[in-house]
Amino acid sequence: MALPLTYHWRNLFVRKTTTVLTVLVITSVVSVFAYMLGFSESLQHSLSVARDPHKLIVLKSGATAESNSAIPVDEYNKLSQVTNVARDEATGQVLVSPEMMVQVSLPRLRDGGRTNANVAVRGVTLDAFRIHPNIRPLGRIFSTAEREVIVGLAAAQQFAGLQIGDTINLGYGADRAYKVVGHFSADGGPMESEIWGYLPSLMNSYNRTMYSSANLRLADGSDARQIIGQIEGPAIQLAAQTEEEYWESQSRLMKVYLFVAYLLVAIMSLAAVFAIANTMFSVVAGRSRELAMLRTIGFSSAQILLGLVIEAVMLALVGGMLGCVACWAWLQAVGNTKDMFGATTFTTMAFKIQMTPLLIAKALGLVVVVGVIGALVPALRAARMQVVTALREP
Amino acid sequence: MSTVDIELRKVRKVYFKDRLEIPVLEGLDLTIAAGEFVVLMGPSGSGKSTLLHLIGGLDSATGGSVRVGDAHLEKMSERERTAWRSRHVGFIFQMYHLVPVLTAAQNVELPLLLFSMSSSQRKERVRTALEVVGLSDRADHRPNQLSGGQEQRVAIARAIVTDPDVILADEPTGDLDAKTSEEILELLNLLNSEFGKTILMVTHDPRAASHGQRTVHLDKGVLDREELNPARPRGAAAMVS
Ligand SMILES: Nc1ncnc2c1ncn2[C@@H]1O[C@H](COP(=O)(O)OP(=O)(O)O)[C@@H](O)[C@H]1O
Ligand SMILES: [Mg+2]
């Protein structure tokens, strides 16, 4: 049997200052790590939803996002010539969803409306619900005869004035009051952060004559590259990409942020390793006679090594748990939603960062690794010490 | 009753410092009978602690043989010596070496953690050991709540809790006043006479030496003389059995 855990636990409180400092270092590493991890997991989830392989997004050639794309109606009409795409069973026409994207600045709920952020407003026709099958209206959708909108759940949770019955102003004209008549879900994908209304009505309110994008679905068994070739070919002068490609490029900036954040976490973890190592070196130096006594009464060098690693891991876990609590408290204080700006759209994509058990387990896992690595060198030194030399120390 | 004797033959111990040989023990012979209480005296730096460490298997001799009971230490690996030590030897140090964060009872329990024993069996053994040293009422005290003499008693309880054959004490009263020293020495005497422990005790104090049955003097790497204590005839304990 190894040394009792109480022995290690109580020793943590002997060197109060070092323990507190080490714990603080680890707490900060873990809180940042947990936050970044939560963020990246929500982002991954959101993007995994926006990954319909049968959907194509058509933009003006050269446009990088819907917000800087403008498709003239006569160019749009040429899309009816495209082959190998899904068609309306009744009419035999190419199934295509013309869409217009604008932004509206709305007050954020998370800071009590002190700051605003841009929310995407999408004008669509009723065909849009066939092109985007994961959009599920909760309740009724906008009427084509009235100025009405439906609001994605994530947008409704993050911004003020988007509850059913509320009215928001969209566009520039006199009659620009739109009534929120329903909400919709999009499996947690990016569209859940949008406001949808009837395309002709919104184009009118915003004085637009061109569409932002057109969306198509592939026919069964057809090849996306082949269809993109048709759209980008000489007959039609537009650009197309799959939904997955589109959102990958939209989230590229965010991925760079995440990479930098993880780099930061890695550097901080290294600092934590050194903090643990430093603490354990002083433990080994300060307790060398005690450790020699333990060897004298029969504890093996392997048991001493294990004991010191356990002690370091305990220390790290205290920091790790505090870090998770700090992260959780932070999310409670500032709200657990986070905006993501598209690389070029500057509209928000809403996230919920959640402290899931898996996330906590990953954070504590990191901490255990940090503790073990930090303890290794000092613990090996202690295990290799000469018992008789240490016993003679004054 | 213990039947463990100790036999050292031509024991050499050389330390190396900066490639320089520092001879400490140079062909030392010593025989300690089973159940004997031997006192080891000698000038500071003469190698008394070194000798104790060799008998306890904490260090290995450069030459010669060290036998404790049927354990031939010079033939054992460090790992084997460590395992053997936990069962057969109890160490007592001048500075007690108690773990400050553990209670007296938890300190005494430490060596038992290496045995396969139930928690209640361990508690029972600890209780008995603390009873023998007269500290049953201090079981839950931390070392800093105890006097020096009490700390040494706890250390003795820790040394005997595994019921070892041999007790090696390195200046156990070196840090205690005369009265407390006397109590500790009485306790060692009791362990020797009542429990049959073979004891080797290092001391500088002639009065402490008077508790042993025999005193051996270490000087210049060998035992140069010994005297028997007429007040405590040799083998008295052994004769009881
Ligand atoms: N690790 C070591 N390296 C070199 N010399 C040592 C070492 N340990 C002990 N010595 C030397 O061995 C001699 C005997 O030491 P020790 O057994 O502690 O003596 P005593 O206990 O009789 O005072 C001393 O001269 C001491 O300096
Ligand atoms: Mg000494």
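Visitor: How many residue pairs are in polar contact between chain A and chain B?
Guide: Seven, with both residues of each pair at pLDDT 80 or more. A polar contact here is a pair of N or O atoms within 3.5 Å; within protein, one must be able to donate a hydrogen and the other to accept it, and residues adjacent in sequence count only if both atoms are side-chain atoms.

Visitor: What are the ground rules?
Guide: This is a predicted model: local features need pLDDT of at least 70, side-chain atom pairs count only at pLDDT 80 or more, and totals for chains, interfaces and linings use all residues. Residues are numbered from 1 along each chain as its sequence is written, chains are lettered from A in the order written, and side-chain values use heavy atoms, without hydrogens and water.

Visitor: Back to the interface. How many salt bridges are there between chain A and chain B?
Guide: One. R295(A) pairs with E78(B), at 2.6 Å from N to O. The rule: a side-chain nitrogen of Lys or Arg within 4 Å of a carboxyl oxygen of Asp or Glu.

Visitor: Which element gives the largest share of chain A's side?
Guide: Helix 10 of chain A, with six residues. Helices (H or I, at least four residues) and strands (E, at least two) are DSSP runs, numbered from the N terminus.

Visitor: And how much area do chain A and chain B bury?
Guide: About 2,200 Å², 65% of it on carbon and sulfur atoms. That is accessible area (1.4 Å probe) lost on putting the two parts together, summed over both. In chain A, R10(A), T296(A) and I297(A) lose the most, together 25% of what that side buries.

Visitor: How many residues does each chain put into the contact?
Guide: Chain A gives 24 and chain B gives 27, counting heavy atoms within 4.5 Å.

Visitor: New topic. How many aromatic pairs over all chains?
Guide: Nine. Rings of Phe, Tyr and Trp (its six-membered ring) pair if their centres lie within 6.5 Å; planes under 30 degrees apart are stacked, over 60 edge-to-face, the rest tilted. Among them, Y76(A) and Y211(A) are edge-to-face, 4.8 Å centre to centre with 75 degrees between the planes.

Visitor: What does that pair tie together?
Guide: Y76(A) lies in helix 3 of chain A and Y211(A) in the loop between helix 6 and strand 9, so the pair ties together parts 135 residues apart in sequence.
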